[in-house]
Amino acid sequence: NRMKPGTVILIRDHQVSEIKKKPKYFILLNYQRAEKFIALMTTSQQNGRKDVEGCHAEYNFYYSPASKQSTNWFHENTWILFYKLYEFKRGFLDDGIDSGKIKICTDLNDHFTRAIINCVKKSDDYDLTYDWYFEN
């Protein structure tokens, strides 16, 4: 399975709370390093967030409106969240893909992917130890 920065995956039964699982889209941010991928969860729930397109690093999200589907793939208004960076081991992804629990959906274009990563790095909450994952 070829996964890279900008690959969008769907985890069909992601644990969103102690009792609830639901399908969630994630965006991978790096080429595999140390058997790991760093990923961001997305949501179509506004929950009081601004709906102005682009980077909102001070609030830990990037907003992609549905009107940008032709370039940004997401067909709903989508908030790409980075108050938490997820770490997925290669084996977890491979096993999920093999079992059908995880689906590789698309690869975002490089410009959009780079804009998201640059936005994440501008956040006050960004941990510089993650820089190692983004080195080529």
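A: Asparagine 60 is found in the loop that connects β4 and β5 (61–64). Strands here are DSSP runs of E with at least two residues, helices are runs of H or I with at least four, and both are numbered from the N terminus. The model is predicted, so local features need pLDDT of at least 70 and side-chain atom pairs count only at pLDDT 80 or more, while totals for chains, interfaces and linings use all residues. Residues are numbered from 1 along each chain as its sequence is written, and side-chain values use heavy atoms, with hydrogens and water left out.

Asparagine 60 counts as buried because its relative accessibility is 8%. The classes use a 1.4 Å probe and protein chains only: buried is under 20% relative accessible area, exposed is over 50%, and partly exposed lies in between.

Not counting residues up to four places away in sequence, asparagine 60 touches Ile80, Leu81, Phe82, Tyr83, Ser123 and Asp125. Contact means heavy atoms within 4.5 Å. Two of these neighbours also make polar contacts with asparagine 60, side chain to side chain: serine 123 at 2.5 Å and aspartate 125 at 2.7 Å. A polar contact is a pair of N or O atoms within 3.5 Å; within protein, one must be able to donate a hydrogen and the other to accept it, and residues adjacent in sequence count only if both atoms are side-chain atoms.

The backbone of asparagine 60 has a phi near 60°, a positive value in a residue other than glycine. Most residues other than glycine have a negative phi. Alanine 34 also has a positive phi, near 50°. Alanine 34 lies in the loop between β2 (21–28) and β3, and it counts as exposed because its relative accessibility is 54%.

Valine 52 counts as partly exposed because its relative accessibility is 47%. Its C-alpha atom is 15 Å from that of glutamine 69, 17 residues apart along the chain.

Now the strands. β1 (residues 7–15) and β2 run antiparallel and are joined by 6 bridges; two strands pair if DSSP finds at least two bridges between them. A hairpin of 5 residues connects β1 to β2, and isoleucine 11 stands opposite lysine 24 in β2. β2 also pairs with β3 in the antiparallel sense, over 3 bridges, where phenylalanine 26 stands opposite methionine 41 in β3.
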